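Here's a quick briefing to read alongside the model. Have the sequence and the 3D view open as you go.

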Amino acid sequence: MTTDLKQLLAARAALEAQIAQARTVESKAALAQIHAWIDDFGFTAQQVFPWKAPATQKVAAKYLDEKTGATWTGRGKPPAWIQGKNRDDFLIDKPRQEPQSQAPLLAEMAAAAYRNQRR
């Protein structure tokens with residue numbers, strides 16, 4: 001059985017060598033044909049191998065001039081309408097501040113919840 005295995009492995013190696021040789025010959029012929037077509041029809045590299053420019057990701061606007069509707073992402077040179085001014089005044093998503101009047105209410109609610117648990 002080992003001689004059969006050795007013969008099969010040798011046959012496979014010979015077959016793989018024939019495949020590699022045939023691939024080399026045929027790929028050279030195919031490349032020559034492609035070059036001929038490119039010369040005949042005047043194809044450009046873009047036509048033969050189309051590619052797209054890398055997609056640029058747009059950045060959401062961070063600042064807004066309410067007078068003109070102009071926006072700015074916060075990147076690059078600041079526009080004239082925001083230069084020298086407090087940028088927080090132009091923020092689109094302004095940070096929320098809870099009213100001070102709710103603080104005592106929340107403390108009273110917590111105290112009431114605590115008293116209800118003890119009963």
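**Starting point: Asp39**

Asp39 sits in helix H1; helices here are DSSP runs of H or I with at least four residues, strands are DSSP runs of E with at least two, and both are numbered from the N terminus. A word on what you're looking at: this is a predicted model, where local features need pLDDT of at least 70, side-chain atom pairs count only at pLDDT 80 or more, and totals for chains, interfaces and linings use all residues. Residues are numbered from 1 along each chain as its sequence is written, and side-chain values use heavy atoms, with hydrogens and water left out.

**Overall layout**

- The protein chain has three helices and two strands, and from the N terminus on they come in the order α-α-β-β-α.
- With a radius of gyration of 37 Å, well over the 14 Å that the globule rule gives for 119 residues, the protein chain is more spread out than a compact globule. That radius is taken over C-alpha atoms, and the rule is 2.2 Å times the number of residues to the power 0.38.
- Along the principal axes, the C-alpha atoms of the protein chain fill a box of roughly 90 × 60 × 20 Å.
- Take the contacts (heavy atoms within 4.5 Å) between residues at least 6 apart in sequence: 25% of them join residues at least 24 apart.

- Leu31, Ile34, Trp37, Phe41 and Phe43 make a nonpolar surface patch of about 530 Å². To join such a patch, nonpolar side chains (Val, Leu, Ile, Met, Phe, Trp, Tyr) must lie within 5 Å, in residues with over 30% relative accessible area and no salt bridge (a Lys or Arg side-chain nitrogen within 4 Å of an Asp or Glu carboxyl oxygen).
- Trp37, one of the patch residues, is in helix H1 (residues 2–41) and counts as partly exposed because its relative accessibility is 44%.

**The core**

- The largest nonpolar core has six residues: Tyr63, Trp72, Trp81, Ile82, Phe90 and Leu91. A core is a set of buried Ala, Val, Leu, Ile, Met, Phe, Trp, Tyr and Cys residues joined through side-chain atoms within 4.5 Å.
- Leaving aside neighbours within four places in sequence, Tyr63 is in contact with residues including Trp72, Arg87 and Ile92.

- Asp39 counts as exposed because its relative accessibility is 65%; C-alpha to C-alpha, Asp39 and Tyr114 are 87 Å apart in space, and 75 residues apart in sequence.
- Glu108 is in helix H3 (residues 102–118), and its 54% relative accessibility makes it exposed. Glu108 and Ala14 are 89 Å apart in space, C-alpha to C-alpha.
- Ala110 also belongs to helix H3 and is partly exposed at 46%.

Technical notes
Buried < 20%, exposed > 50% of the residue type's maximum accessible area, 1.4 Å probe, protein only. Patch = residues over 30% accessible without salt bridge, like charges linked within 9 Å, V, L, I, M, F, W, Y side chains within 5 Å. Areas by Shrake-Rupley, 256 points an atom, 1.4 Å probe, with all protein chains shown as cover.
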